[in-house]
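Subject: Structure handover

Hi,

Here is the structure we talked about. Please load it first, then read my notes beside it.

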Amino acid sequence: MPEPYDVITMGRIGVDIYPLQTGVPLARVETFGKFLGGSPSNVAVAAARLGRRTAVITRTGRDAFGDYLHQALGEFGVDDRWVSAVPEYPTPVTFCEIFPPDHFPLYFYRQPKAPDLEIRGEELDLDAVRAARVFWMTGTGLCAEPSRTATLTALRARAERPYRHARAETEDGRDRAETEDGRARRAETEDSRARAGTGGTFAHDGTLGGRTDGGAPAAGPAGSRPPESPGPPPRITVFDLDWRPMFWGEQKDGDGEAARAHYREALAHATVAVGNLDECEIATGERDPRAAAAALLAAGPELAVVKQGPGGVLAVHRDGTTAEIPPLPVDVVNGLGAGDAFGGALCHGLLAGWDTGHVMRYANAAGAIVASRLACSSAMPFPHEVEQALAEGLVAPATGDAP
């Protein structure tokens, strides 16, 4: 079996057709850019930009836009081996309008059905899903069959006995392979990390040790990236709540109660839940950030991450420890890709074993950088850009879109 992937995401993909003009209604836009889109696909791109080995499980149409998405994934360094074609349906496209700082209407063209909702459980490489250090799925994957059953099949596979893999090291000697040595090894790892003061990091089985210092980063220059924690690599299952009511058929004008039942089933298999206030309300019925975090934790995850936009981000661990991080100052150009950049950086930081507070600061900075740029996938930051933003305490205005 090949070395496990750092991150496998599953779900939506499409082509973003975004205006190259801001503050202009779609009817009057004259120039557009074409970009890879779809939240889980963008998360895979974001993690790859930060140096992680990533892949995406999704489906496209058998058409020119599908060909483009394979090409774009390859250029971004995301493995497309599990991206297959559905001849019956066209590759989705999405348009938007860009009215900074906070109005970005989206127009999804996913009819008669999006190919990424045709992912089937029997076609999944469940060995690879089990072995991945991070598996990332989204609420949209639960909105229709057969994608819903496939997503839950993948989650149940993750919950089974973890995949065993022989120890493998990178050139710098760090362990990068998945291992599972049982409860005794887990307790030993967590105890040693607690003695060393590295709380708030994931153990190799995906459990999270909280900390009571508000998630302060490791010692070092302001904004500097702490080293990766020693020991076995983590095994994390992330549920991105990703509420898109227009994808839920009869629920598009409802309160999300039917969706909530499917969300509860998925949450039972997740170790991390992440979403904004609207998404948390759909998942739990709670809108207050702390109440929503508590309800998410009660549903199964070890860590709840509640994104509050201008209010920053709240991360709460099952043991009650928290990290509350304010937003990084930024002149917003297009906020649509910020959450996906946050997600890729969240994966990166959790895999590195950083304390929760620094993971959230890093993810906040990555999201703010993308919000300062026009595009989404091609705007995902590199590590030096995130570290610069953290060191400076703000995101400098963009002089041009990221490559």
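Strand 13, residues 313-317, is mostly covered: 5 of its 5 residues are buried. This is a predicted model, so please read everything below as a description of a prediction. Val313, Ala315 and His317 point to one side of strand 13. Leu314 and Val316 point to the other side. Residues on both sides are buried. The background is simple: side chains in a regular strand alternate between the two faces of the sheet.

With strand 12 the pairing is antiparallel, over 5 bridges. Leucine 303 has histidine 317 of strand 13 as its bridge partner. Strand 12 and strand 13 make a hairpin, with 5 residues between them. Glycine 309 sits in that turn and has a positive phi of about 60 degrees.

Strand 14 also runs antiparallel to strand 13, joined by 4 bridges. Here valine 316 has threonine 322 in strand 14 as its bridge partner. This pair forms a hairpin too, with 4 residues between the strands. The turn holds glycine 320, with a positive phi of about 100 degrees.

Is proline 327 buried, partly exposed or exposed? Its relative accessibility is 38%, so proline 327 counts as partly exposed. The cut-offs behind that are under 20% for buried and over 50% for exposed. Leaving aside neighbours within four places in sequence, proline 327 contacts Gly309, Pro310, Gly311, Gly312 and Asn364. Gly309 is the glycine in the turn between strand 12 and strand 13. Proline 327 also sits 7.4 Å from valine 313, C-alpha to C-alpha, with 14 residues separating them in sequence.

Now go back along the chain from strand 13. Strand 12 covers residues 303-307 and runs parallel to strand 11, with 5 bridges joining the two. One of the pairings is valine 274 with valine 305 in strand 12. Strand 11 is residues 272-276. 4 of its 5 residues are buried, so strand 11 is largely enclosed by the rest of the structure. Strand 10 (residues 236-240) is also parallel to strand 11, through 3 bridges. There, phenylalanine 239 has alanine 273 of strand 11 as its bridge partner.

Two helices are worth a look next. Helix 7 (residues 277-284) and helix 8 (residues 289-298) pack with their axes 10 Å apart, at an angle of about 45 degrees. Helix 7 and helix 8 are therefore oblique to each other. The crossing is left-handed. Helix 7 brings Leu277, Cys280, Ala283 and Thr284 to the contact. Helix 8 brings Pro289, Ala292, Ala295 and Leu296. By type, the contact residues are 7 nonpolar, 1 polar and no charged.

Strand 2 (residues 14-19) and strand 3 run antiparallel, joined by 6 bridges. Tyrosine 18 stands opposite glycine 33 in strand 3.

How many of its residues are buried? The count is 11 of the 11, so helix 1 is largely enclosed by the rest of the structure. The buried residues include Ser39, Asn42 and Arg49. Glycine 51 follows helix 1, and its phi is positive, near 100 degrees.

Finally, the totals. The protein has 11 helices and 14 strands. Of its 403 residues, 58% are buried. Among contacts with a separation of 6 or more, 71% are between residues 24 or more positions apart.

Best wishes

Technical notes:
Residues are numbered from 1 along each chain as its sequence is written. This is a predicted model: local features need pLDDT of at least 70, side-chain atom pairs count only at pLDDT 80 or more; totals for chains, interfaces and linings use all residues. Side-chain values use heavy atoms; hydrogens and water are left out. Axes are lines fitted to C-alpha atoms, for helices over the stretch in contact, and angles run from 0 to 180 degrees between N-to-C directions. Angles under 35 degrees count as roughly parallel, over 145 as roughly antiparallel, 65 to 115 as roughly perpendicular and the rest as oblique. A crossing is left-handed if the near helix is turned anticlockwise from the far one by less than a right angle, and right-handed if clockwise. Contact means heavy atoms within 4.5 Å. Ala, Val, Leu, Ile, Met, Phe, Trp, Tyr, Cys and Pro count as nonpolar, Asp, Glu, Lys and Arg as charged, and the others, Gly among them, as polar. Buried means under 20% relative accessible area, exposed over 50%, partly exposed in between (1.4 Å probe, protein chains only). Two strands pair if DSSP finds at least two bridges between them.
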